[in-house]
Amino acid sequence: MIALGVLAAALTIAASVDGPGLRRVPYDAARPPTLVCSTKFGCEVILEPGERLRIASIFDDRWTAKVADDGASGMAPRVLIGPTIADEDNGHGGRQPLRTSLKMLTTKREYVVELVSSAQYQEHRLGFTFRESPAVFVRLETPPPLAAAAASPRPDDTPALDPSTMDFGWRATGDPAVRCVGTPFSIGSQVWCKLPEDLSDKPAAYKLDGKKLVPVPFHFVAKRYIVIDAAVDPIQLVLGGSQQHVATITRARE
């Protein structure tokens, strides 16, 4: 009986390590998870320790999202969310909860969480479980194969590319800390940018749509290239949390 009591106490302690009200869902689930957010207490999203939060956005000014910890300390990044009102007119004479989505980008992956407002006194917190593969949005790839035999050895940070396929009709502007070194170029539907040598962290890539930043798929090749998997214009590279570094890639125009 004593042994069972000790085991029950141990299980209770283990279950409470994450704190109260925490629900964990698989990161690679088919649909984004839904998180209920109270106007009284708000809600919280907890990410994976070891990743750094680059941006957290809600494109609805009736909601707020505040970064409580961006992960720079090695702790799990945390985002606090709150709706300013509990419901809205449903167009049929009744009321319905607010609904929107929270989009987050870290140094490892992209997250999307569906948010639903509530007026109840409830605390809801959301976390994730992960497979061994750390990412689906930001991924590392080996350089593409040589189109022809190289005439001379090349540095380790320079991928082998066929110059006849490269379009240099692009230009880079903005913060030198994250701006492309030399001229960016495209190959088919990809835009390639060589990052500064002294850049320790990796930027994220976005399409600038009016005043909104829309995440676009990208990956890294070798040590210093960010490859945007969509030849959109303009592209913004964003690095950092409270003190952001921003550079822009655009089509070169006469």
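Two strands count as paired here if DSSP finds at least two bridges between them, and the strands themselves are DSSP runs (E, at least two residues), just as helices are runs of H or I of at least four, with numbering from the N terminus. The model is a predicted one, so to speak of local features a pLDDT of at least 70 is needed, side-chain atom pairs count only at pLDDT 80 or more, and totals for chains, interfaces and linings use all residues. Residues are numbered from 1 along each chain as its sequence is written, and side-chain values rest on heavy atoms, with hydrogens and water left out.

Start with the overall make-up. The chain holds 1 helix and 21 strands. Of its 254 residues, 37% come out as buried, where buried means under 20% relative accessible area, exposed means over 50%, and partly exposed covers what lies in between (1.4 Å probe, protein chains only). Take the contacts (heavy atoms within 4.5 Å) between residues at least 6 apart in sequence: 61% of them join residues at least 24 apart.

Now for the sheets. Strands of a sheet pair through backbone hydrogen bonds, in either the parallel or the antiparallel sense. Thr100 sits opposite Leu115 in β10.

Another open sheet has 5 strands, ordered β1-β11-β3-β6-β5, and its pairing is mixed as well. At the edges stand β1 (22-26) and β5 (63-69), each with a single partner strand, so one side of each has no neighbour in the sheet. From one strand to the next, the twist averages 25°. Strand β3 (residues 43-46) pairs with β6 (residues 78-83) in the antiparallel sense over 4 bridges; Val45 has Val79 as its bridge partner in β6, and Ile46 stands opposite Arg78. With β11 (residues 124-129), β3 runs parallel, and 3 bridges join the two. Here Glu44 faces Arg125 as its opposite residue. Both faces of β3 are covered, with Cys43 and Val45 buried on one side and Glu44 and Ile46 buried on the other. As for β5, 6 bridges join this strand to β6 in an antiparallel arrangement, with Thr64 opposite Gly82.

A cavity is a set of points, on a 1 Å grid over the protein atoms alone, where a 1.4 Å probe fits but cannot get out, and lining residues have an atom within 4 Å of a point. Grid points are joined across faces, edges and corners, and the volume is the space filled by probe spheres set on the points. The largest cavity holds about 80 Å³. Its lining is made up of Ile55, Ser57, Phe59, Lys103, Met104, Leu105, Glu110, Tyr206, Leu213 and Pro215. Two or more lining residues come from each of β4, β9 and β17 (212-215), and the largest share, 3 residues, is from β9. By class, the lining has 7 nonpolar, 1 polar and 2 charged residues; Ala, Val, Leu, Ile, Met, Phe, Trp, Tyr, Cys and Pro count as nonpolar, Asp, Glu, Lys and Arg as charged, and the others, Gly among them, as polar.

One loop also deserves a look. Most peptide bonds are trans. Asp233 and Pro234, however, are joined by a cis peptide bond, with omega about 0°. Pro234 lies in the loop between β19 (225-228) and β20 (235-239), and Val232 has its place in the loop between β19 and β20 too. Val232 is buried, at a relative accessible area of 19%. Leaving aside residues up to four places away in sequence, Val232 touches Trp170, Lys207 and Val216. Val232 and Val216 are 16 residues apart in sequence, and their C-alpha atoms are 8.9 Å apart in space.

Note on methods:
1 Å grid on protein atoms, 1.4 Å probe; cavity = no way out; pocket = protein on both sides within 12 Å on 5 of 7 lines; lining within 4 Å. Axes fitted to C-alpha atoms, helices over the stretch in contact; angles between N-to-C directions.
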